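Thanks, everyone, for making the time.

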Amino acid sequence: MNHAADALNRNGIRMERRPLSGNERLFHQYWDDHLVDWPMCGAGRLTFMRGALQDLWLYIAYLDHHMAGMLVNEEGGGNALLLLHVRSAYRNRGIGRALVLEAGLHVGVHAPWNLGQGRGYWWQGVPEGKGEAFFIKQGFLKTWTSIDMLLDLTSWNRADFEVCHPVRPASDVDRAALLQMLEQEEDLSAWGPFYQALMEQGGAERIFVATRGEDIIGCAMLLEPHEIRWHERFDMEDGCPAKTGMTGETGGIGCLGVRGAFRETGVGSAMVVALTDELKRRGYARAFLGYTWLEAWYGKFGYRTCCRYMMGARGT
């Protein structure tokens, strides 16, 4: 028997490994009962992982015949630790380490293993204050810090910002040119499928472009509440909307990019101003930006950080 299994037995911890597919009820029940600070509807949990559902595995730890914790791991084309949670009554008893050890046996000792980000994600990394030191002890290396940001639209005024590039809703004839632009820009090419899917789903009216003459030089899309992972949480988060009087629905800005030759010329600023203003025009109470590192830059427009994440991996 390997050393990891020996340790699990000595601690009295019993492990189960099950595919998430076919065990959705168990997964949802655990989330609903024990992750109350991170509300997300069951359909949303699956939607944000739809590209990897068949490769998701539940690792369940039992102690004293009670479910003590759960780890969700993506395995297959890539490895990503998507969720690790131990019930409060069982913390500091080796449960978290045991779950990581058990999942690590299936990932492989030297195989790359990301924290958070796989083909989908719920948290893009480890939320600040939720176990960064623990993961470092398990061999994960911190690579950078990502942030989510919010803006109270009740105080938003477009007139406070000067813009020097026109931004408009994308037209039907823009579609092919937009996808071609994204494909040609190496660091934007991963966004092509998101724009393609939005077009095919009838959401083209949420795509905006910046232009120079007839050329598209920038793009961004509006996000609806169901596309924002933690929109349900903002009304209850300490230091966030519930504490500042921000109520109502959240809209967002996603996949904002500018052609390399036109960066640092004000195109990005024009996109942020135009889409933030459009969110207010559509009646949203706040605007969301996620998975970025540009804290100071977006801060110029009034956005404030609401969550930080440790991004990391091991075996890379």
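Let me begin with H65, which counts as exposed because its relative accessibility is 80%, and please keep in mind throughout that what you see is a predicted model. H65 sits in the loop between β2 (56-63) and β3 (66-74), and its phi is near 70 degrees, a positive value in a residue other than glycine. That deserves a remark, since most residues other than glycine have a negative phi. A second case is N92, in the loop between β4 (80-86) and α4 (95-107), where phi is again positive, at about 65 degrees, although the residue is not a glycine. With a relative accessible area of 86%, N92 is exposed.

R97 counts as partly exposed, at 45% relative accessibility, and, if we leave aside its neighbours within four places in sequence, R97 is in contact with F134 and Q138.

Next, the interior. In soluble globular proteins, nonpolar side chains tend to be buried together. Here the largest nonpolar core has 45 residues, and those with the most contacts inside it are F27, V72, W122, W123, L178, Y195 and W230. Apart from that core lies another, of 27 residues, among them I147, A210, I253 and A274. Coming back to Y195, its contacts beyond the neighbours within four places in sequence include L178, I207, M221 and C255.

A274, which I named in the 27-residue core, is also one of the buried residues of helix α9, so let us look at that helix. Which residues does α9 cover, and what should it span? Helix α9 runs over residues 267-281, and because 15 residues at 1.5 Å a residue should span 21 Å, the 21 Å between its end C-alpha atoms agrees with expectation. The helix is mostly covered, with 12 of its 15 residues buried. After α9 comes G283, whose phi is positive, near 95 degrees.

In one of them, the side chains of E205 and R282 meet at 3.0 Å, N to O. This pair links distant parts of the chain, with E205 in the loop between α7 (192-200) and β9 (207-212) and R282 in the loop between α9 and β12, 77 residues apart. Both count as partly exposed, E205 at 43% relative accessibility and R282 at 32%. R282 also meets E278 in a salt bridge, at 2.8 Å, N to O, and E278, with a relative accessible area of 11%, is buried. Through salt bridges that share partners, E205, E278, R281 and R282 are joined into one network.

Elsewhere, R175 forms a salt bridge with D172, the closest N and O atoms being 3.4 Å apart; R175 is partly exposed at 32% relative accessibility, whereas D172 counts as exposed at 61%.

Finally, the surface. W144, W293 and L294 form a nonpolar patch there, with about 320 Å² of accessible area together. L294 lies in the loop between β12 (286-292) and α10 (295-299), and its relative accessible area of 31% makes it partly exposed.

Methods:
Residues are numbered from 1 along each chain as its sequence is written. Side-chain values use heavy atoms; hydrogens and water are left out. Helices (H or I, at least four residues) and strands (E, at least two) are DSSP runs, numbered from the N terminus. Buried means under 20% relative accessible area, exposed over 50%, partly exposed in between (1.4 Å probe, protein chains only). The expected span of a helix is 1.5 Å times one less than its number of residues. Patches are made of residues with over 30% relative accessible area and no salt bridge: like charges are joined within 9 Å, nonpolar side chains (Val, Leu, Ile, Met, Phe, Trp, Tyr) within 5 Å. Accessible areas come from the Shrake-Rupley method with a 1.4 Å probe; for residues, only the protein chains shown count as cover. A salt bridge is a side-chain nitrogen of Lys or Arg within 4 Å of a carboxyl oxygen of Asp or Glu. A nonpolar core is a set of buried Ala, Val, Leu, Ile, Met, Phe, Trp, Tyr and Cys residues joined through side-chain atoms within 4.5 Å. Contact means heavy atoms within 4.5 Å.
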